[in-house]
Amino acid sequence: MTASASLATALSRTDAARRGAAATTREPVVLMDNVTRVYPGSPPVYALGGVSLRIETGEMVGIVGPSGSGKSTLLNILGTLDRADSGVVRIDGHDLSTMSDRQLSALRARRIGFVFQQFFLSPGVTALDNVADGLLYTGLPLRRRRARARTFLEHVGLADRVHHKPNELSGGQRQRVAVARALAGKPSFLLADEPTGALDSTSGAAVLKLLHELHDDGTTIVVITHDHAVAAELPRQVHILDGKIESDERTVGR
Amino acid sequence: MTSAAPAPSRLRPRDTVRLAFSGLRSRPLRAVLSALGIAVGIAAMVAVIGISASSREQVNQQLRELGTDLLTVAPGTSFSGEAAKLPEESVDMVSRIESVNTVSAVGTVSEAYVYRNEAIDEGQTNSIAVSAARLDLLGTVSGEVASGRWLDGALAEYPAVVLGASAAELLGISETDGSVSVWLGGEWFTVVGVLEPVMLAPALDMSALIGWEVAEERLGFDGSPTTIYERSDESAVEDVRALLPATVNPQDPGEVAVSRPSDTLAAQAAADDTLTALLLALGGVALLVGGISVANTMVMAVLERRSEIGLRRALGATRAHIRRQFLGESVLLAALGGVGGAGLGAVATAVFAAGRDWPFALPAWVLGGVAGATVIVGALAGAFPAARAARMPPTAALATA
């Protein structure tokens, strides 16, 4: 696969170096230990009731559960958009509970790549600039952001759509732009929330194929989904129900 | 082992400006309409300042043309409270002061009035003063003849009269070819000329001016001047001013009133400040309303763009970055209004000034003031919505989409 081969070089050396360092110290990308999250109310909602999860560098994990299972809460906590009420959450070795809002923002800017079900691309802005926006908060100058955005658009197979605006792209292409944006910051892991949820089956399959290629190149990917068919294709599936992990299975040689 | 903490999120100032621009560009009509509110306020204020500056500039220009070296000398009130008189020879004495260039005078002929004809009731004087004028008067006060001619050596001995602009209007006289006479002090005087309004000596506008000799011979004029007009070197005006009272009336210098008409005009030009302040206040109210409209636009923008805020937080924006983005948009919106308003105000000033043949004047500090005012209005209007956007938890911001 030529696309994936060139992608391996695109993922930066610094990223590779970090992965190497993590490998020697055995620090997982994600480490959750007995994490709870309770939404106050009467009665209070126990969205997460003691979740422990460990995701190693280079893994591709599906977090599967029906709506209301707590998987969205898990996504928010993994993405550092929300804080746990108790338990330990470590991303890339950083204990989130001791970090300020600014430090968490920095973590999101440089270590986590988000892919959303609704893409969240800026309308009226070209694919190139949408991807470049993924680097906006790294403080890189615009020229370098665009240069890197172009590289990543090429690697998700959209070299000929660089100057197209979201409304000129198909759903699958839009999600590829969003994936390129998530990758542009060279994150430690990709956090994809129902990445195929808004797509027809063909486009969805193409996006999933892209994610698998990225995984093959060494990218750590967490996919949150309610779709068992999507989950079945992933090498590791964590099933969540009522805020608890029900099962954690690995498919060998899918 | 913990890997090094990630470098902090950073949003370049240039990118903040870019974000503000693109935020406005995404909804151009709304941006234009809400900037319009600011523009109206700024335009009103700029136009008010511009028009009053132009009017002042007009007066200053006239003064430059007319000169500011004219002094008038008039009898003040005597110690006993009666109207004082200037000695007959005072005109000659003034002309002997060093650096005095020209001297002239008028002397009001008491008990003499001018009527359109002899049938008019004696009470209807129209408050027109009958004054004997020296022949060099017109040159000294920079007066000009509107039609007909000014008095000369020959005419001064005959019953001929030159009317001030207002006096001619009140009497209803426009013919100056010698065919029209007025009933003046019990005699017929031929109207030989009508003057243009005299800026530096407005009293002449309400006068009927006759020759010194004819006034003395036929109307019992005592020859005592009531106003002396004097021009000196510009640099010596203050010195001359100090010398004049004692020169004119050595016995009672305190009974002499010296004034500089150009000062009075300049003061009048500056005196319409009350109206200017009132109009400025109205412009300020318009600016306030414009600011409220910007605040409203920003509140709506924040509500509509919850998912964008969430996305930006996910991409690594700090609260401060979000706040800066919306504050920047608000300031930019107000600044657009400010620029538009300044342009509109300048055009209004130019049109108004051109319509009245005034010079165009708009002080530079106005532009600085506009810039300052719009930044402040924009910042105030955007402060609350921006703070609200920054406080929005990223999960809530993303969940709404």
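Trainee: In what sense do strand E7 and strand E8 of chain A pair, parallel or antiparallel, and over how many bridges?
Mentor: Keep in mind that this is a predicted model. E7 (residues 189-193) and E8 (residues 220-225) of chain A pair in the parallel sense, over 5 bridges.

Trainee: And which residue of E8(A) does A:Phe189 stand opposite?
Mentor: A:Phe189 has A:Thr220 across from it in E8(A).

Trainee: What order do the strands of the whole sheet take?
Mentor: The order is E6-E7-E8-E3-E9-E10 in chain A, an open sheet of 6 strands with mixed pairing. From one strand to the next, the twist averages 20°.

Trainee: Why do E6 and E10 of chain A each have one side without a neighbour in the sheet?
Mentor: E6 (112-115) and E10 (244-250) of chain A are at the edges and each has a single partner strand, so one side of each is left without a neighbour there.

Trainee: Which strands does helix H8 of chain A lie across?
Mentor: H8 (residues 201-216) lies across E3 (60-64), E7 and E8 of chain A, and H8 runs at about 150° to E8(A).

Trainee: Zooming out, how many helices and strands does chain A have, and what percentage of its residues is buried?
Mentor: Chain A comes to 9 helices and 10 strands. Buried residues are 50% of its 254. Of the contacts in chain A with a separation of 6 or more, 72% join residues 24 or more positions apart.

Trainee: New topic: how many residues does each chain put into the contact between A and B?
Mentor: Chain A gives 32 residues and chain B gives 26. On the chain A side, the elements giving two or more residues are helix H2 (13-25) and helix H4 (101-111). H4(A) has the largest share, with 10 residues. By class, that side of chain A divides into 10 nonpolar, 12 polar and 10 charged residues.

Trainee: Over to chain B then. How do helices H2 and H11 of chain B cross?
Mentor: The axes of H2 (residues 28-66) and H11 (residues 319-355) of chain B come within 6 Å and cross at roughly 35°. H2(B) passes H11(B) in a right-handed crossing. Their contact has 21 nonpolar, 11 polar and no charged residues.

Trainee: What does UniProt annotate at residues 282-394 of chain B?
Mentor: The unreviewed UniProt entry gives "domain: ABC3 transporter permease C-terminal" for residues 282-394 of chain B. In the model, that span is 87% helix and 0% strand, with its end C-alpha atoms 42 Å apart.

Key: Residues numbered from 1 in each chain as written. Chains lettered and ligands numbered in written order. Predicted model: local features only at pLDDT ≥ 70, side-chain atom pairs only at ≥ 80, totals over all residues. Contact = placed C-beta atoms within 7 Å. Helix = DSSP H or I, 4+ residues; strand = E, 2+ residues; numbered from the N terminus. Nonpolar A, V, L, I, M, F, W, Y, C, P; charged D, E, K, R; others polar. Buried ≥ 20, exposed ≤ 12 C-beta atoms within 10 Å, placed from the backbone. UniProt positions renumbered as here; feature names shortened; annotations may be inferred. Axes fitted to C-alpha atoms, helices over the stretch in contact; angles between N-to-C directions. Left-handed = near helix turned anticlockwise from the far one by under 90°. Pairing = 2+ DSSP bridges.
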